[in-house]
Amino acid sequence: MRLIGYLDQLSARPGDSLPVRISGDGGQVTVDLVRLLHGDTNPLGPGFLSTDVASVPSQVVVAGEQVTPVGSCLRADDVVPAGTTRLSAGVVIWPTTVDAGREQGVLSVVDAGGEAVVAVTLGESGRLRLCTGAGAVLLEAARPLANRRWYRVSAEVGAGGVALEIVPLEPFPGDEKPVSLRGESEVDLSAASGVVVAALRCPSEGPRYFPAGVFNGKVEHPVLSSGEDTLAEWAFERGFATDTAEDVSGRGRHGLLVNKPARAMTGHTWTGEVHDSAAAPEQYAAIHFHDDDLIDAGWPETARVDLPADLPSGIYAVRLRGTTRDGEETDHIPVVVAPATGAPRPKVAYLIPTFTYLAYANERLQHRLDYEAAGITDHPITPGLHDVTLAEHPEFGASLYDLHSDGSGICYTSALRPILNLRPDYRMWLQNAPRSLGADLYLEHWLVRSGVEHDVLSDHDLHADPEHALDGYQVVLTGSHPEYYSGAMLDALQRHVDTGHCLMYLGGNGFYWVTSQDPGQPGVLEVRRSGGIRTWEIQPGEGHHSTTGEPGGLWRWRGRSPNKLAGVGMCSQGWDEKAPPFERTPLSYEPEWAWVFEGIDDHLIGDFGLIMNGASGDELDRCDFALGSPPNTAVLATSQRHSDFYQLAVEDVLMLAPGLGGSESDLVRSDMVIVERPGGGAVFSVGSICFTGCLPWNGYENNVSRLLNNVLGNFGARV
C-alpha cells in the first residue's frame, strides 16, 4: 500500500494539535509540517514550492497498513434480556440490489460481540430467508423479492419452532400473495444480546465498527418483541439530524447508526403530497442503507503535530516521507491555518473553498462516465498517480458526484478519511491540470510573491462563525471554485459587501448548491441534487436535507442566485484544448474604469494560462439581469466565443433546440464585472474556474496578474 494519511479536519488554528492517521507498509515515516506555496509541477510555472516549518520538529513513526470498514447499519446493544427463549421481529424493507449475488442482512439478533445468533437475510438468490449465525438456513422463500418494492417482513425464533412471513405492500402479478413459512427448528437464544439492522453482523474493535453483509435499500420501523413485551421499537422518523435511532418502547435501547446511512427518506406511507420531512415525519420513517457508506475511516492516530501558537496564517500540509515496497514516497495532507483568535488582521483575507473540496473528495466520475465518447472534451483523459491509487481503494469512499453501489446518489461527504484528489500536486484527469487546491495555490503564491499581507480562512471557518469571521478585513478573495455554500456563509459575504467592504470572486460556478454541515460532525456535509447540472437526481420527496431540514438543490431556486451577490452566475461548462481569453468591452475603455486596466494595453485578457491555455474555461458565469445581477453591474470584459464542448446550463434551458452550444449561443460566456455596492463596498468577479491558472504565466508578468493587482490595490484602499 502507498504511504497515505489524513487529518481529522481541513482547517485549524495556531496552537491546535492535529492527530495524523497514516497507512503504510510497516516502515518508518518522517512526519513534519510545510507551508504550501505552489503545487503545479508544469514547467511553464514555478514548479512545486513549499517551505519547511522549522518550529515544528520532525518525528519518525512506524506506519502499518490500515483497514477501512465501510457500509452502514444500525447497532443496538443489550436489547435482549438474559433468559429469553423466544423472539419475534418485524420490519418494513425496500431492497435495491436483490441480484447482488451475496448475503445481505435485514435484521440480526447478535451476541455481545456483534456476531449473528439468528438473522433474517436476503440471500444470494434474492430470496428472503431465516438462518442461524453459523449460516444454517432455517426457512427460505420460494420467490425472490423485487427491487424497489415495499415488503413487510416478520419472523419468530426460539423454543417452539421458527416462522417467516413476507407481505408485499405494493403487490404485482406473481408477487401479490403473502408468504407464510413455518418450521420445527429451535434456536438457542442464550447468547442473544443486541440487534443489528441492515447488516448480517457488526463486530466492534474499540470505537470502530465493522459492518458485514450490509443490506442495500430502505428499512423502516424495526421492532423486536418477546411474547407480549416489546424489547425495542426504533422510530426512524425521529431525530433526522442525528446518528441515533430512537427506541420508543420505553426501554431506552437506542441504536447507533454506523457510517451515516441516508435519513429523512420517504417510507412506504409517503403519499406524494408532502415534500418536507419536517411537515410529515411519519411519512419519512425510512433510512436508506448502503454497503459502501463511509463517514469515518476510523484509523488510529499514528502521530500528532502541534501547531505553534505564533504560526502565521496560510495553507500548510503535514508531510509524510518514507520508503515503501514501491520506493521513496511523499504525501502532503493539506490544512488551512486560520489566524489566531484575537490576532491583528490585515486588510486582505483569502477564503479557501473547503466545502467544495469536500464535495469533490475522492470523485470517481472518470470510471463511470466516458467524457470523450460523450463529446464533452476533445483531449485525452489523463488519470494521474492519485487517481490510479484511488481506483485501487474503493474503501476510501467517493464524492457527492458519485453513486452508491445500488445506483442511488451519495448525499453525504466527510473529511474523516484519506482524500487523494485533495493534494497540492493533484492534476484533474479531465483537463490534465490543477483544479481545487492546486488551482487555489496559484493565487496563494501570487499573493505571497506580490508581498500582499493576508490571512487565509476556510469555508469551515466562515460557516462556524459567520457573524465575525470576516471582521476587520477590507477585501475577501475567493478561490477558483467556491461552488458549495451554506446559507450562513452567503449571509456573511452579503453582509461584508453591504457594509462598505469588498469581495473578489476569482473563479467560476460559485455559490451554486445548497450545502449543509452536520451540526454534530463539522467534517460532514450534505447536498441533495435537483435542478442544476448534476450527475444524479434526488428521488421524489427527498429534497430536504436531513442534517438541517432545509430544502436542497440550487440556491437559485431559493431566490438566492449567485448573480445577486457576485453579479454573475453559472451558465455553462466545458473542457477543450483552448480556453478563450476575455475581450474588453467598450465600457472598459471609459475613464471611469481606467484604474482597472492601468498599465495594460492589450485588448484581450488572458490569452494564455496553465489550465486549458486560457482565462475563460471549465465552468463559466455570466452577467444576467433577469437572474438578479444588480442593475449597475459593469461588464468590463467578456469571453470570446467558446466551442460547442460548452453547452448552456440545463437550468437555463426551457425547450430543447439547436443553438445551445458555445459557437452559437451568446449566453455561453464568462463575464468580468464590477458591482459597486451602497456604502462604498464593491464586488469584482471573473466568472471562470481557469482564471487563476493565468497568474504564473511568464513569471507572473502578464495582463491578468497586472489587472488583479490593480483591482486589489483599489479595493484595499477603500475605507
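Start with the charged side chains: select Lys and Arg as positive and Asp and Glu as negative, leaving out His and the chain ends. The chain carries 52 positive and 94 negative side chains, and the centres of the two sets are 2 Å apart.

The model is predicted: local features need pLDDT of at least 70, side-chain atom pairs count only at pLDDT 80 or more, and totals for chains, interfaces and linings use all residues. Residues are numbered from 1 along each chain as its sequence is written, and side-chain values use heavy atoms, with hydrogens and water left out.

**Whole chain**

Switch to a cartoon view. The secondary structure amounts to seven helices and 44 strands; helices (H or I, at least four residues) and strands (E, at least two) are DSSP runs, numbered from the N terminus. The radius of gyration is 28 Å, close to the 27 Å that the globule rule gives for 719 residues, so the chain is as compact as a globular protein of that length. That radius is taken over C-alpha atoms, and the rule is 2.2 Å times the number of residues to the power 0.38. Along the principal axes, the C-alpha atoms fill a box of roughly 95 × 60 × 45 Å.

Next, show the surface. The accessible surface of the chain is about 25400 Å², and 52% of this belongs to carbon and sulfur atoms. These areas come from the Shrake-Rupley method with a 1.4 Å probe; for residues, only the protein chains shown count as cover. Of the 719 residues, 61% count as buried (buried means under 20% relative accessible area, exposed over 50%, partly exposed in between; 1.4 Å probe, protein chains only). Among contacts (heavy atoms within 4.5 Å) with a separation of 6 or more, 73% are between residues 24 or more positions apart.

**Cysteines**

Select the cysteine sulfur atoms. How many disulfides does the structure hold? It holds zero, a disulfide being a pair of cysteine sulfur atoms within 2.5 Å. For Cys502, the nearest cysteine sulfur is that of Cys623, 18 Å away. For Cys623, the nearest is that of Cys571, at 11 Å. Both sites are covered: Cys502 is buried at a relative accessible area of 0%, and Cys623 is buried at 6%.

Now go to Cys131, in strand β11 (residues 128-132). Cys131 is buried as well, with a relative accessible area of 4%. Leaving aside neighbours within four places in sequence, Cys131 is in contact with Glu103, Val118, Ala119, Thr121, Ala136, Val137 and Leu138.

**Asp621**

Select Asp621, in strand β40 (residues 618-622). Asp621 is buried, with a relative accessible area of 0%. Cys571 lies 50 residues away from Asp621 in sequence, with a C-alpha to C-alpha distance of 5.3 Å.

**The loop between β22 and β23**

Most residues other than glycine have a negative phi. Centre on Asn259, in the loop between β22 (255-258) and β23 (262-265). Its phi is near 65 degrees, a positive value in a residue other than glycine. Lys260 is found in this loop between β22 and β23 too, and has a positive phi of about 50 degrees. Is this pair buried or exposed? Asn259 counts as buried at 10% relative accessibility, and Lys260 is buried at 4%.

Move to Asp406, in the loop between α2 (385-392) and β29 (412-414). Asp406 is buried, with a relative accessible area of 7%. Apart from neighbours within four places in sequence, its contacts are Thr96, Thr97, Arg148, Asn216, Gly217, His288 and His290. Phe289 is 117 residues from Asp406 along the chain, and their C-alpha atoms are separated by 9.9 Å.

End at Arg534, in the loop between β36 (521-526) and α6 (562-566). Arg534 is partly exposed, with a relative accessible area of 37%. With neighbours within four places in sequence set aside, Arg534 is in contact with Trp513, Arg529 and Val650. Asn432 is 102 residues from Arg534 in sequence, and the two are 22 Å apart in space, C-alpha to C-alpha.

Conventions:
Charge placed at Lys NZ, Arg CZ, Asp CG, Glu CD.
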